[in-house]
Amino acid sequence: YEAWLNYGQLKSGSLYNQYIDWCVELVVTEDNETIQAAAAEFIQGMTSMLGKAPLLTAKPEGPCIVIGTFQGGNPLISRVFAGERTDSLGPEGFLIRTNATEQCIAVGASTPVGILYGVFHLLRLIGTESEIDALNLSMSPVNGLRMINHWDNFDGSIERGYAGRSFFYESNQFLNDTKRLRDYARLMSSVGINAISINNVNVHELESLFITEQYLPDIALIAGIFRVYGIKLFLSANFASPIQIGALETADPLDPAVRQWWKDKAGEVYRVIPDFGGFVVKADSENRPGPFTYGRDHADGANMLGEALEPFGGIVIWRCFVYNCKQDWRDRKTDRARAAYDHFKPLDGRFNDNVVLQIKNGPMDFQVREPVSPLFGALEHTNHLMEFQIAQEYTGQQRHLCYLVPQWKEVLDFNTYAKGQTTLVKHIVDGSVWGNKYNGVAAVTNVGDDMNWTGHGLAQANLYGYGRLIWNPELTAKEIAEEWIRLTFGTDKGLVVAIRGMLMDSWRIYESYTAPLGVGWMVNPDHHYGPNVDGCEYAKWGTYHYADHKGIGVDRSVKSGTGYSGQYMGLNASNYENLASCPEELLLFFHHVPYTHVLQSGQTVIQHIYDTHFEGAEQAAQLLATWESLEGSMDSGLYVQVKQRLEEQAEHAQEWRDRINTYFYRKSGIEDLKGRKIY
Ligand code: GCU
C-alpha cells in the first residue's frame, strides 16, 4: 500500500551514519500547509528509514535539515541561498545545498510546492542510498502540466481499470476516504504530478451532475486534499450538460444562452473550488455529444468552454481522440489513423489561449506498437498535451508485466522534423518549440482500490515511472526502473539487477507474442484482453490488419493506400511511405505485404511471426523463472502476488503464441521452417 513511499529501514553503514548525522533536526519556520506536509513527510520518512525521528525545531543547535521558501524569512535559508539566481527555477523548482559552514542541508524554493518536491527528492536520495554530504542540486519540472486522468465512474467501476474499484466513489456516492485520498496525493506529488481529473472522460448521467451544488461540496473536499500536495483538480465534463442538467433545449456552442449557461456554471464551480483546474472534454468521439450536432467544429466547442473558464484562470483540455466509429469495412479510404490529424490540423490557430488539445501518443489507441501521432509537430499555434495510458488496456491489463517507460521514451524522443532537422516530440510537448503557454503530458491512470493500488505489484513501476519521466524526460527508462526498485524493494544489488532486467525486457517480450511488426488489435472485442486475431477486424470501429491467404498489413501509403504516411514531415513521410525504408517494427502498420516478404533479417514475414511468438512465450516463462530466483529476498506477500501474475502470464503467452501462429499457418498454408508444433 505504501508503494515507493514505504521508507524501508536502511542498513547500518557509512551512509546510514551520514544520514543520522545530518538529520538530527529539521528546521521549519513557515506554517503554510504544504510546507507542513513536507515536514511531516520528512519526519515520517526518516523515522522509518533510520529508526530515529528528527527533532522539529525553529532554531537548530547542530547539523540539520532546513526547508523554506526564499522569501519566507528563515535566516538559515537566507544565508545559504544568498546571491543564488533563483528566477529560472520557476514556481515548482527547488534547490538543495549541503552547506558545511552553516552545518545544514537546505531545501529552498520560491513556493511551498517547490519545497514539497525538494523534500520528496531528498527522501528519494536517501531511500535509494545516495550520498548527501555534498549536494548541489537545482531541479525544475520540464513539463508544465503533469496530469493524471481517472476513468472512474460514480458507480465505483473504472473504465479500463485493472486494479479493483474506484477509491473516489462507490454506488453513486462519494467515499470521502480521506486517508486513502491523502496517501494517493502523497504518492502522486512525490513524483511531481500537479493535475488530476477524477472522473471518466465518458461522462454519464450522474457524473454530469458533478458540477452542480449537489456534488460540488464532496468534490471540494477532494480538491482540498489535493491542494496541500500541489495538485489541481479537474473534472471531465459532458458537452451536452446545458440540456442534460440545465433547462436548455440545445448545447449549440454558438447559442448565446448556452454560452451564458456555461459561464454561470463556471462561476458556481469556482465559488466552491477557487483553484479548480478546468474541464477535460471528450466530444464527438465514440458517440459522445459534441459540436458536430449543431454543424459547429471543435474550435467552436472548445472556445465556448474556454471563454467560460477564462475569468477564473481555468483551462479546457479538449481531446483529439475523434474518428469515425461507424465505418464500413468495404470503404478502404476511411482510415482511423488519419482521423485526429484530419480533424484538428485545419483548426490550428483557432483555439483560445486557455484551450489545450490532448493528443494520444499514437494515431490509434494505446496499442503495443504504433507510430507517433503526426499531430505532434503539426500544431504550431495551439496549446497541446501528450496523452499516454498507464493503464495497460492493450498491454496486458496488469496481469502481464509490461513496463511502459521505454515505450513512452521512444515517443518523446521521436524526431518530427517539424522545425528544422531535429524537432523532438518531447520539446514540442514541453512547449519549448512553439512557446506554448500550456504544455505537458496527461495519462490514463492504472490505480484502483486494490491494496497495492495497481493490481500487479510491478505495475506500480509504470505509475512511478510516468511521473518521473515527465518531470524530466532526460531520465532513462533504466534509471527510473532502478530508482523505483530501490525505493520499493531495497538496494540489494542482485535483486535490483534482476528486477530491472525483467522490467526493461518486458515491453519487447509482450510485443513479441502479441503484436508482430506493428499489427495491433488482435484481442477480444469489448474488454480487449486475450488473443483473437479477427476479434476487432472488420468492425465499425475500424479494420486493422486485413490478413487474407496472401498477405497482411494496412496500406497507408500515399501512392496506393490511405495516404496516412503523407501526414508526416521530412524524412518520416518518405521512410514510412516506402516499403524498403519503413522501420520494420511498423512494417505492417504502413504496408500490406505477402507472407513471403523478406525482412532485413533474411526471414520472411510469416517465419518472423512464428519465431517471435515461440520466443516471446519462452521469454515470458523466463520472467517467471527469474522472479522465482528471488524468493526469500523480499516481503513474501509481494513475492507471491507477483509470482501468481507471472504464472498467469507465462501460461497466457502460450495461448497467444498458439492462437496467432495457428491462425496465420491456416491462412497462409506456409509451414514453420523449424517444424515446431502449430495447431
Ligand atoms: C479507448 C477505450 C475506451 C475509452 C477511449 C477514450 O477506446 O477502449 O474505453 O473511452 O479509448 O480514450 O476515450
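Predicted model: local features only at pLDDT ≥ 70, side-chain atom pairs only at ≥ 80, totals over all residues.
Mentor: Residues are numbered from 1 along each chain as its sequence is written, and side-chain values use heavy atoms, with hydrogens and water left out.

Trainee: At which residues does UniProt place the feature "domain: Alpha glucuronidase N-terminal"?

Mentor: UniProt positions are in the numbering used here, with shortened feature names, and annotations may be inferred rather than shown by experiment. Helices (H or I, at least four residues) and strands (E, at least two) are DSSP runs numbered from the N terminus. The unreviewed entry places this feature at residues 3–122.

Trainee: How far apart are the end C-alpha atoms of residues 128–453?

Mentor: In the unreviewed UniProt entry, this span carries the feature "domain: Glycosyl hydrolase family 67 catalytic". The span is 24% helix and 15% strand, and its end C-alpha atoms are separated by 22 Å.

Trainee: Is Glu213 buried or exposed?

Mentor: Glu213 sits in the loop between β10 (195–197) and α6 (216–228). Buried means under 20% relative accessible area, exposed over 50%, and partly exposed in between (1.4 Å probe, protein chains only). Because its relative accessibility is 68%, Glu213 is classed as exposed.

Trainee: Is Asn572 buried or exposed, and which residues does Asn572 contact?

Mentor: Asn572 belongs to helix α16 (residues 570–577). Its relative accessible area is 8%, so Asn572 is buried. Contact means heavy atoms within 4.5 Å. Leaving aside neighbours within four places in sequence, the residues in contact with Asn572 are Phe414, Asn415, Thr416 and Tyr417.

Trainee: How much space lies in the largest cavity?

Mentor: On a 1 Å grid over the protein atoms alone, a cavity is a set of points where a 1.4 Å probe fits but cannot get out, and lining residues have an atom within 4 Å of a point. Grid points are joined across faces, edges and corners, and a volume is the space filled by probe spheres set on the points. A search of the whole structure finds 8 cavities of 30 Å³ or more. The space in the largest cavity is about 90 Å³.

Trainee: Which residues of its lining lie nearest the centre of the largest cavity?

Mentor: Both α10 (339–344) and β14 (355–360) supply at least two residues of this lining. Of the 13 lining residues, those nearest the centre are Cys320, Phe321, Ala340, Gly362 and Pro363.

Trainee: Is Tyr7 buried or exposed?

Mentor: Tyr7 lies in the segment before α1 (14–22). Its phi is near 45°, a positive value in a residue other than glycine. Since its relative accessibility is 7%, Tyr7 counts as buried.

Conventions. 1 Å grid on protein atoms, 1.4 Å probe; cavity = no way out; pocket = protein on both sides within 12 Å on 5 of 7 lines; lining within 4 Å.
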